[in-house]
Amino acid sequence: MSSVVKKITDWVDPKSKSGEFNRPQSVFRNFISKQPGAEFPPEKGRYHLYVSYACPWAHRALITRQLKGLEDFVSFTVVHFHMGEKGWRFATTEEQNVQEHVTPDPIHGFAYLRDVYHHVSPNYEGRYTVPTLYDKKTQKIVNNESSEIIRMFYTEFDDLLPEKYKNLVLYPEDLRQEIEGTNEWTYNDINNGVYKAGFATSQEAYEKNVVVLFTALDRAEKHLASSPGPFYFGDRLTEADIRLYTTIARFDPVYVQHFKCNIRDIRSGYPALHRWLRHLYWTIPAFHDTTKFEHIKLHYTKSHTQINPRSITPVGPEPPILPVDQEVNAVAAALSGKK
Ligand SMILES: N[C@@H](CCC(=O)N[C@@H](CS)C(=O)NCC(=O)O)C(=O)O
């Protein structure tokens, strides 16, 4: 790992020639497992998630936790929306009444998420990211990679869950190949694609990445427009929905203006994605309850001083997500013309 001291908030090294954002690999990669003798077995009340409501990767974990009914197995704490020079911090006792779960660190009473990482691993040199899955019993970090945390949640607690939750299969055998294929480009070009466009520090890097992003959005739109819905793969809610949703929900409120992802927006440029997004948000509590637009808008605009030095948060778009049966005026006019 590099020993060069870099500021946490310098997303791209100011000296970088290419201006390209490269996301580092997560470091803690253990698994909760129901296999006999596993180091981290499924157990009620044993695990804790540190998350941010702003973060799309942490959001995957919160959605999955609720979909699978893991509330009694995995508690969680939400960090303050603002990330400064020392990384994510916990809310103070004065701030904690603002929103449920936005509290001081209930386990150690630490001020920063980085303190949890150093408590577990004093020589840790990686990034202090959310989601962080923590084991209260052994005081270890189990995993800080969202794509793996959600997979553990899909299956490893199943023997302890009521039928309703056990029967929810988010990564079904017969769709695995299709889901993996979709994950590949959705991750590179959309989930991480918005960051690659937004954090770019050269015109070339920005333009290259924003075009790749919109080509992938066109592809997702085409897929959804020609599929029966309401989910990404028809009538089954799967990992593909969870992984795409957390980026699309943030798109109009933040990525369009803050990350300059403005070739089109979702509400006026992508009718099928827009329909799919709103169905998840308005009809499935695990999506609705975990989507906090205030955290989303405030975090990006007030923390990324490299791209928004005055930290001014734009007011729109209002509302951050439209009701299911309402369209922006231009779309409504176009649709009525078609009838
Ligand atoms: N690959 C990781 C990425 C997690 C991540 O980068 N989270 C961001 C918030 S959106 C974070 O905590 N960044 C803090 C930092 O890099 O210092 C995952 O999917 O869990």
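The model is predicted. UniProt, in an unreviewed entry, lists seven positions under "binding site", running from Trp-88 to Ser-146: Trp-88, Arg-127, Tyr-128, Thr-129, Val-130, Glu-145 and Ser-146. An unreviewed entry also gives a "domain: GST C-terminal" feature at residues 172–315.

**Ligand shell**
- The ligand is surrounded by 13 residues.
- The closest of these are Cys-55, Trp-57, Arg-127, Thr-129 and Ser-146.
- Sorted by class, the shell holds 6 nonpolar, 5 polar and 2 charged residues.
- Arg-127, Thr-129 and Ser-146 are among the closest residues to the ligand, and the UniProt "binding site" list also includes them.

- Trp-88 sits in strand S4, which spans residues 87–88.
- Trp-88 has 28 other C-beta atoms within 10 Å and is therefore buried, the cut-off for that class being 20 or more.
- Beyond residues up to four places away in sequence, Trp-88 touches Ser-52, Val-79, Met-83, Tyr-112, Leu-113, Tyr-128 and Val-130.

- Because 18 other C-beta atoms lie within 10 Å, Glu-145 is partly exposed.
- With neighbours within four places in sequence left aside, Glu-145 contacts Ser-26 and Arg-29.

**Parallel pair S1 and S2**
- Strand S1 (residues 47–51) pairs with S2 in the parallel sense, over 5 bridges.
- His-48 has Ser-75 of S2 opposite.
- From S1 the chain passes through helix H1 (residues 56–67) to S2, a β-α-β crossover that is right-handed.
- Strand S2 (residues 74–78) is largely enclosed by the rest of the structure, because 4 of its 5 residues are buried.

**Antiparallel hairpin S5 and S6**
- Strand S5 (residues 132–135) and S6 run antiparallel and are joined by 3 bridges.
- Tyr-134 has Ile-141 in S6 as its bridge partner.
- The hairpin has 4 residues between its strands, and Gln-139 takes a positive phi near 55 degrees in it.

**Residues 172–315**
- The chain over this range is 67% helix and 0% strand.

**Trp-185**
- Trp-185 belongs to helix H5 (residues 176–191).
- Trp-185 counts as partly exposed because it has 16 C-beta neighbours inside 10 Å.
- A distance of 9.9 Å separates the C-alpha atoms of Trp-185 and Ala-220, which are 35 residues apart along the chain.

**Phe-199**
- Phe-199 lies in the loop from helix H6 (193–198) to helix H7 (203–225).
- With 22 C-beta neighbours inside 10 Å, Phe-199 is classed as buried.
- Phe-199 touches Trp-11, Val-12 and Phe-21, residues up to four places away in sequence not being counted.
- Phe-199 and Ser-16 are 183 residues apart along the chain, while their C-alpha atoms are separated by 12 Å.

Methods: Residues numbered from 1 in each chain as written. Predicted model: local features only at pLDDT ≥ 70, side-chain atom pairs only at ≥ 80, totals over all residues. UniProt positions renumbered as here; feature names shortened; annotations may be inferred. Helix = DSSP H or I, 4+ residues; strand = E, 2+ residues; numbered from the N terminus. Buried ≥ 20, exposed ≤ 12 C-beta atoms within 10 Å, placed from the backbone. Contact = placed C-beta atoms within 7 Å. Near = placed C-beta within 6 Å. Nonpolar A, V, L, I, M, F, W, Y, C, P; charged D, E, K, R; others polar. Pairing = 2+ DSSP bridges. Right-handed = clockwise from strand over helix to strand, strands pointing away.
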